[in-house]
Amino acid sequence: QVQLVESGGGLVQAGGSLRLSCAASGRTFSNYHMGWFRQAPGKEREFVSAITQSGSNTRYAESVKGRFTISRDNAKNTVYLQMNSLAPEDTAVYYCAADSVYRRIFYGRRPEMSEIDYWGQGTQVTVSS
């Protein structure tokens, strides 16, 4: 089992920044690809960003590319999402996810997302205009 706990969400004005953290415990963190997903009110959960086990490869949704940066510290069992130039459309609950299978984290499609082994409880991000 892997336990994931997100933190760092909050209320920010448009144009501001937030840094989300996801602390993992349980099994060996470096065995897992990690991802960030989000779910806005009335919408389905969507892919935001992903990072490989070593941190050597990353992927971003088009909507956040150039504004968000994913990173991880395997020594601290933590993955981060630095979010800059936030906009009201970024308002959502942000979830951290972990899986040892690459496609489940990186493909960003609902069939693969439904197979993801581990999810955090989510952290609310609200961007005011």
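A: In this predicted model, a residue is called buried if its relative accessible area is under 20%, exposed if that area is over 50%, and partly exposed in between.

Q: What makes W119 buried, exposed or partly exposed?
A: W119 has a relative accessible area of 27%, which lies between the 20% and 50% limits, and therefore W119 is partly exposed.

Q: How do you know that the rings of Y95 and W119 pair, and what is the arrangement of their planes called?
A: Ring centres must lie within 6.5 Å, and planes over 60 degrees apart count as edge-to-face; the centres of Y95 and W119 are 6.4 Å apart with their planes at 90°, so the pair is edge-to-face. Y95 lies in strand β9 and W119 in strand β10, so the pair ties together parts that are 24 residues apart in sequence.

Q: What makes R45 a charge over the ring of W119?
A: The distance limit is 6 Å from the ring centre, and R45 lies over the face of W119 at 4.6 Å from that centre.

Q: How do you know that C22 and C96 form a disulfide, and why is its handedness assigned as it is?
A: The sulfur atoms of C22 and C96 are 2.1 Å apart, where the definition asks for a pair within 2.5 Å, and the torsion about their S-S bond is about -75°, so the disulfide is left-handed.

Methods: Residues numbered from 1 in each chain as written. Predicted model: local features only at pLDDT ≥ 70, side-chain atom pairs only at ≥ 80, totals over all residues. Heavy atoms only, no water. Phe/Tyr/Trp six-rings, centres within 6.5 Å; stacked < 30°, edge-to-face > 60°. Helix = DSSP H or I, 4+ residues; strand = E, 2+ residues; numbered from the N terminus. Buried < 20%, exposed > 50% of the residue type's maximum accessible area, 1.4 Å probe, protein only. Lys NZ or Arg CZ within 6 Å of the ring centre and 35° of its normal.
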